[in-house]
Amino acid sequence: MATYKPVVVQAFPKLGERITKDTAYWRGYKTPVQIKEFGAINTIDFSPVPPYNYAVTASSRIHIYGRYSQEPIKTFSRFKDAAYCATYRDDGNLLVAGSEEGSIHLFDVSGRAPLRQFDGHTKPVHVVGFLSDKYRVFSGGDDYSSNLWDIASATEIVSYSEHTDYVRCGCASKVNADVFITGSYDHTVKLFDARTKSSVMTIEHGQPVESVLLFPSGGLLVSAGGRYVKVWDVLKGGQLLVSLKNHHKTVTCLCLNSSGQRLLSGSLDRHVKIYSTTSYKVVHSFNYATSILSLALSPEDETIVVGMTNGVLSVKHKKPEERKEKSQKKRQPAYRTYVKGRTYMPKQEDFCVSKPVKRVLRKYDKLLKSFQSSKALDAVLEPPIRLYTPEVTVAVMQELHRRGTLRSALAGRDEKQINLLLTFVARRVIEPRFTPVLVTVADMITDIYQPVVGQSAIVDRQFLRLQEAIGKEIDYQEELLEVLGMMDTLFATFTERRATYLEENKSNGLTETIETNINN
């Protein structure tokens, strides 16, 4: 008996991934360094001045990390309960943070004890930040209020109570020192001017607002809430420019790169999406292990820091360009290493020993070897093979057809198995690489199970899906043929044809040559 030959699975070419400049750039970041914090990381903020340390707010502590440090270089832990939203001032000397007990703490980066404490909120303060004049602090809390504080006197300047739900995000304008923005779970974003006693603009986001961001120019506002990231034109009274829905779960954080040409958004779906601010299309995406709560990009775009719900801080550094230039190519073995022994010929007295190669057969090959056609077909219809390597399933079907046992393998199946077969065929029959085999399989299934049509609603539905898929494919093919005919006609009319021919007329023994040019 001849040795069994395994089923040959035809290899099909795969479409290469499109490598854009953005893909190459964002892939230039190194493998992330992971740092474990004490709790979920609610805020990450980079110092705006070198050496660009960053503050991480998690649980009841604020940790200051250096650019490449994996241990905190400084810790602020003077909180009775959870701390929120530690934010640097523009000069990098002061740090302000909210707390669960409702107070706001102001720290000197070089010290440890709070310089100031602002009391006025009655519930947790989740939003704090500096106005661009550096002498005032804004805040937003779960008591629905948005307040403005004077740093020098530690007193409240003004309090706004216009939101009707928790205030959970905010930002200040870099252009106007009196303007700041807050976002709330009441689905609104409000723009406040410290010179007025009420908000000057209200924008309806439509979902609980988790993060807001102003472009450096102050003209565009980005809000995130639910699955949506929306861009608004502030100068046109809050007109909606674009609404992005690229995440599968709630978007929790936003940030811009240093040039303002790329917008980054993090979400509970474990992804960070990067958008172009000119087309607002996703140009790249990062995938993380768990849900993302906070995100920050260093002022020089050298470091990406992501905080997750499990307390893990993921830090990615950009590889410097000069290191790439200085890196030397790894030394390869000499040519003689590869050709050594290549031309050796055994002598007459040499005894050659060949080691038999043991071939390991897959499950479907073992079943085919023992002529169990139906079980072999079942083996390749299992989800891992059927969904991710359909070419294996089709190769086994082709082998069964070559053996003449495909009909018997398809026959005698129950409702669930027929439904599985028809689902696979209806989904893959329109793929050109599988069409010749699956059309034959579809014909056999129709012939075998035609008598039971009408007895099962599930099977009938699958037959209708198969009919619809084949009908659509036929319509597409007809349209393509029509398009090809039109293109041939257009090309024929656009082409200028020059033909030259010779006519030989022989009269009286003389040959007359006539050259004619025909221009169409």
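I started with Lys-190, which counts as buried at 8% relative accessibility. The model is predicted. I then looked for the partner of Lys-190. Lys-190 forms a salt bridge with Glu-162, with the closest N and O atoms 3.8 Å apart. The pair links distant parts of the chain. Lys-190 is in strand 16 (residues 188-193), and Glu-162 is in the loop between strand 13 (155-160) and strand 14. The two are 28 residues apart. Glu-162 is partly exposed, at 26% relative accessibility.

Next entry: the salt bridge count. I find 17 salt bridges in the structure. I picked out Arg-168 and Asp-142, whose side chains meet at 3.0 Å, N to O. Arg-168 lies in strand 14, and Asp-142 lies in the loop between strand 11 (136-141) and strand 12 (146-150), so this pair ties together parts 26 residues apart in sequence. Is Asp-142 buried or exposed? Asp-142 counts as buried, at 7% relative accessibility. Arg-168 counts as partly exposed, at 23%.

I stayed on strand 14 (residues 167-172), where Gly-170 also lies. Gly-170 is partly exposed, with a relative accessible area of 27%. I checked its separation from Arg-402, which is 232 residues away along the chain. Their C-alpha atoms are separated by 68 Å.

Then I turned to helix 7 (residues 390-403). The side chains of Arg-403 and Glu-399 meet in a salt bridge there, at 3.1 Å, N to O. Arg-403 and Glu-399 are four residues apart in this helix, which means a separation of about one helical turn. Arg-403 counts as partly exposed, at 28% relative accessibility. Glu-399 counts as buried, at 15%. I also noted a network: salt bridges with shared partners join Asp-133, Arg-136, Asp-178, Asp-193 and Arg-195.

I looked up the record. I compared the two spans. In residues 118-159, the end C-alpha atoms lie 13 Å apart, with 0% helix and 55% strand. In residues 244-285, the end C-alpha atoms lie 14 Å apart, and the span is 0% helix and 55% strand.

Last entry: surface charge. Which residues form the negative surface patch? Asp-475, Glu-478, Glu-479 and Glu-482 do. I placed Glu-478 in helix 11 (residues 457-494). Glu-478 counts as partly exposed, at 45% relative accessibility.

Key:
Residues numbered from 1 in each chain as written. Predicted model: local features only at pLDDT ≥ 70, side-chain atom pairs only at ≥ 80, totals over all residues. Heavy atoms only, no water. Patch = residues over 30% accessible without salt bridge, like charges linked within 9 Å, V, L, I, M, F, W, Y side chains within 5 Å. Areas by Shrake-Rupley, 256 points an atom, 1.4 Å probe, with all protein chains shown as cover. Salt bridge = Lys/Arg side-chain N within 4 Å of Asp/Glu carboxyl O. Lys, Arg positive; Asp, Glu negative; His and termini not counted. Charge placed at Lys NZ, Arg CZ, Asp CG, Glu CD. Buried < 20%, exposed > 50% of the residue type's maximum accessible area, 1.4 Å probe, protein only.
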